[in-house]
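User: I am new to this structure. Please take a close look at the salt bridges and walk me through them slowly.

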Amino acid sequence: MSVEEIESVEQFRARARAWIRANLQPIGSDHRGRMALRPDDEELAEVAEDRRLQRLLYDNGLAGICFPKEYGGQGLTRAHAEAFDEEIDGYRFPERVQVPNMTPCATVILEFGTEEQKLLHLPRIMRGEELWMQFLSEPGSGSDVAGAKVSAVRDGDDWILNGSKIWTTGAWWSDWGLCLARTNWDVPKHRGLTVFMVPIHQDNIEISRIEMLDGSKEFCQEFLTDVRVPDTDRIGGIDDGWTVTTRWLMHERSFTSSPYAVHALGGDGELGPAAGEAADHLLTLLDRSGRADDPAAREQIGEAYTLQIAMRELNTRLHALAGSGKGSDQLASVGRLMHGVGAGRLMTILFELGGQDAVASDADDELFSNLGTRFLLRQVASIGGGTTEIARNLISERVLGMPRELALDRNVPYREVRSAPSGGSSASRRS
Amino acid sequence: MKVGLTADQELLVGTTRKYLQDTVPSDVLRQLRDRPDGYDPDYWAAGAELGWAALLVAEEHGGGSVSGQGLRDLALVAYEFGRHASPGPLLTTNVVAEALSRVGGDTYAQPLEELVSGTAVGTWAYAEPTPHGGLGEVATTAVADGGDWVLTGEKVAVEHGAQAAYLLVTARTGDGLTQLLVPAGTPGVTVTPQKTIDVSRRFARVSLREARVPASALLGAAGAAAPEVERQLRTALVIQTAEMVGALDRVFELTMSWLSDRYSFGRPLASYQALKHRVADQKMWLETSHALADAAALAVQEDDERAGELVSVAKSYLAQYGPELCQDSVQLHGGIGVTYEHDLHLYLRRVVLSSALFGTAREHRLRITSLLESRNSARKVQA
C-alpha cells in the first residue's frame, strides 16, 4: 500500500466538531442513558435512532474511525478517536452501536475474519445495518469461558449448533451473534473450540429475556436448536477458537478505552469521564443533597472525583505502556479491575450522598431514586465483561508471572471433565 | 516503569540511580539513624553536581533542566530517591530554589548559587502547629516596621530546618500572604529538631519571636504571595508523590520476590490464590499511583488549569493507597517485615511520612471539592 497522507488530528477534530454541532442533538439534562428502563417500543425506537445516527456518521466520513477504509472505516488513529470522543461529548451519539458491536465483535472479525467475511460484514456494521452481540457466556460457564458446551457438529459444508448462551445484551433487537462453540470433545477444553457467526433471528433460536432486579430486560438467554451455520461463517480455524477468544476477551476487557468504539465521556461517570463532566455531576449531587457544608459529604465528593480521574489516568497509562511495547496485553486486566473496584466505590459514595432520598423518593425525582437502584446493581461493574476475580487471576498469573491455579480440566479430554449435573445454573443446587 | 523519556532524562536517571546505589545502599541508610543531620553534606554536594537542585532554577542563576521540562526531570530524580529511600533535602531545597529563581533579578543570586551547587540547603517553613495545623493555614505574621519586616509565629515539620542556611517563611500580612527569606541564625529565630519516623529525613520546629529581616528579604509583593505559595505547594506535591511512587515500586518488588522465595506447606507463597489476589490489588494501586503522579507532574509543568486539582487527586490517592500497599506488604512478609534488619521499613517510613505532610488524604479531598466549586462558579460568572 502506498503511503497515504492521512488527515491530521486537528483537521479531523475541526471537521468532526463542525459536523457534530450542525447535525447532532445536544444531550439535555433529561437525557437517560442506554441502561435506563424504558418500554419496549421506546427501546426499539432508540435502537432505530442509533442505527440512523450511525448511518449518518458513515455517510459523513465519521464512522469506524480506527477501522480500515477498505472495510468502511476511516483508517485513522487512536489520537483521532480520542479527539472524536471529546468533540461528541455532550451530544447524542449511537450508544448501542458501540460495545459489544464495534468492539469486541467487529474487532474480532477484523483480526480473524477472511477477506470475504470482512468485506461483507464490516461495512454493514459501520453503516449501522448489522448489530452484533456476543454469544459467549453459558448458563454453566461464566468466568470459565473455555468451558463452553454449545456444540457444533460438522454436517457436509455446514455445522449444526445446539445449546444455550446467556447474558447477551439486547439480543432481542440485534442481528448477529459471535458464537463460541465446542467442535471437539476429545481434546482438552481450550483445544476443541471454534468461533462462528450466527444470525440471531431465525426459527431455530429462541430468545428469552432475563429480568434484572431493576426490571430491565436487556439481557437475554438464547436457546439454539439444530442451528445450521455454513462453514464459510466460521471465524478462525477449526478447534482453534481459543486463539480467537483470547484476543476477543482482551478486546472485551479493554472496552472502556478502546479506540474502536465511541465513548461517552460525561454522564454517569462509570467509564472514566472527562474531568469537567465528572465535576459538574458531583457538584450537582452535593448541592441537591443539601450537604454542601458538611465536611463528610465534601470529603466524599473529593474521593469520588479522585477515583474518576484515577480510572481515566490509569487507562491512559496502560495504553502508553502497551503502545511502547513495555507492557503485555494482559495489563488490560489492571484497568478492568480498577473499573470494577472504582465504579463500586463510586456508587457507594453516591448512594450515601443520596441518604434516605436514594431509597424512598418522590416519583419525579430521578436524580436520587436512580442512585438507589444503581446501588442495588453496584456489583455489575465487577461482574460484566469478566469478573474482577478473573482479572485478579490474570494480573497475578499473566502480568506478574505467579504460579497458575490448579485446574482439574487441564490436559484432560473435555468430555471427561466433571461438571455440575444441572449445568451449574440452578440457584437451588445442593452440594 | 516510565515511558517516553528523552536520552538526557535517561542519563539523569541513570547517573542518579548509580550514585544512590553506590553511595547510600541500605546498610548505610540504617546507620544514618544515628546522625543528627541525617546525611553527609559531601554526599549532598556531590549529588547537586548531577543537577539535583538546579532543575527548577533559571539558567541565568546557574540552573537548567535536561529536557526543557524541569519539574518532570525533577520528578524522575524524586522517583529514584523513593526507590532508594535516599537521604537529603531534595524536596525542600528545590521548592526554595524555584521560588527564589522566580523572583528574578540578582537579589537572590548568592543564595541560589549556594543552593544549586549544594553547598547550602534551603527549606520552606510552611506548616504550623495545632490549632493551625490544617493544610494551608498560616497564622504566623509578617509586619512591616520601618524598613524591616518582623516575623512572629511557629512553624513545624520544617524539612531539614536545622541544616538549612535559608528559611523561606510563609506568613500572613492582613488578609494576604507574604514570603520572606530568613537566614539561619537571625536573632529571634529558634530552630529545634523534632522527632521523626524517617531514618534519614529530619524535621524541625522553627519559632519566630519578632525575628527582624530587612526589606530585601521580601519575595514578590507583600500580602500578595498566595499564587506563589500555591505554586510551591504544587511543586512540593509533585516531588512528594513521585518519591512515594518510587518507594512503592521497591516495596512491590521486595514483596514479589519474597512471595516466590518463601515456601509454606510445601509450596511457594506466590501459589496461594488468597495472596495472589491481594498482590493483584497492589498492582492496581501501584499502576494507578504511577498514572496519577505522572499526570500531576505534567499538569503542573504545563501550568494546566486543572493542575491544582490533579496534584490533590494524586496526593489523596497516594496518601490512601500508599501506606495501605506498604502495610499489606508487611503483612505478607510476616514478622521479618517489622524488623530493623529488613529493608521494608525504610520505604514504609518514607511513604507514611509523605502521606501526612503537605496535606493528608482527607485534606486533599476537601481541597479538591473546594477547587471544583471555585472553578464552577468562575465559569458561571464568565458565562
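Analyst: Let's start with a term: a residue is called buried under 20% relative accessible area, exposed over 50% and partly exposed in between (1.4 Å probe, protein chains only). The model is predicted, so local features need pLDDT of at least 70 and side-chain atom pairs count only at pLDDT 80 or more, while totals for chains, interfaces and linings use all residues. Residues are numbered from 1 along each chain as its sequence is written, chains are lettered from A and ligands numbered from 1 in the order in which they are written, and side-chain values use heavy atoms, leaving out hydrogens and water.

Now to the salt bridges themselves. The term stands for a side-chain nitrogen of Lys or Arg within 4 Å of a carboxyl oxygen of Asp or Glu, and over all chains the count is 65. In one of them, the side chains of Arg51(A) and Asp175(A) meet at 3.0 Å, N to O. Arg51(A) belongs to helix H2 of chain A and Asp175(A) to the loop between strands S3 and S4, so this pair ties together parts 124 residues apart in sequence. Helices (H or I, at least four residues) and strands (E, at least two) are DSSP runs, numbered from the N terminus. Asp175(A) itself is partly exposed, at 21% relative accessible area.

Another pair in chain A is Lys165(A) with Glu138(A), at 2.9 Å. Here strand S3, which holds Lys165(A), is linked to the loop between strands S1 and S2, where Glu138(A) sits, 27 residues apart. Both of these residues are buried.

Chain A also holds a network of salt bridges, with Arg38(A), Glu43(A), Glu46(A), Asp50(A), Arg92(A) and Arg96(A) as its members.

Over in chain B, Glu228(B) and Arg102(B) form a salt bridge at 2.7 Å. Glu228(B) is in helix H7 and Arg102(B) in helix H5 of chain B, so the pair joins parts 126 residues apart in sequence. Glu228(B) is partly exposed at 28% relative accessibility, and Arg102(B) is partly exposed at 40%.

Finally, salt bridges also cross from one chain to the other. Contact (heavy atoms within 4.5 Å) involves 42 residues of chain B and 40 of chain A, and nine salt bridges are counted between these two chains. Among them is the one between Glu405(A) and Lys276(B), at 2.7 Å. On the side of chain B that touches chain A, helices H7, H8, H9 and H11 each supply at least two residues, and H8(B) gives the largest share, 15 residues.
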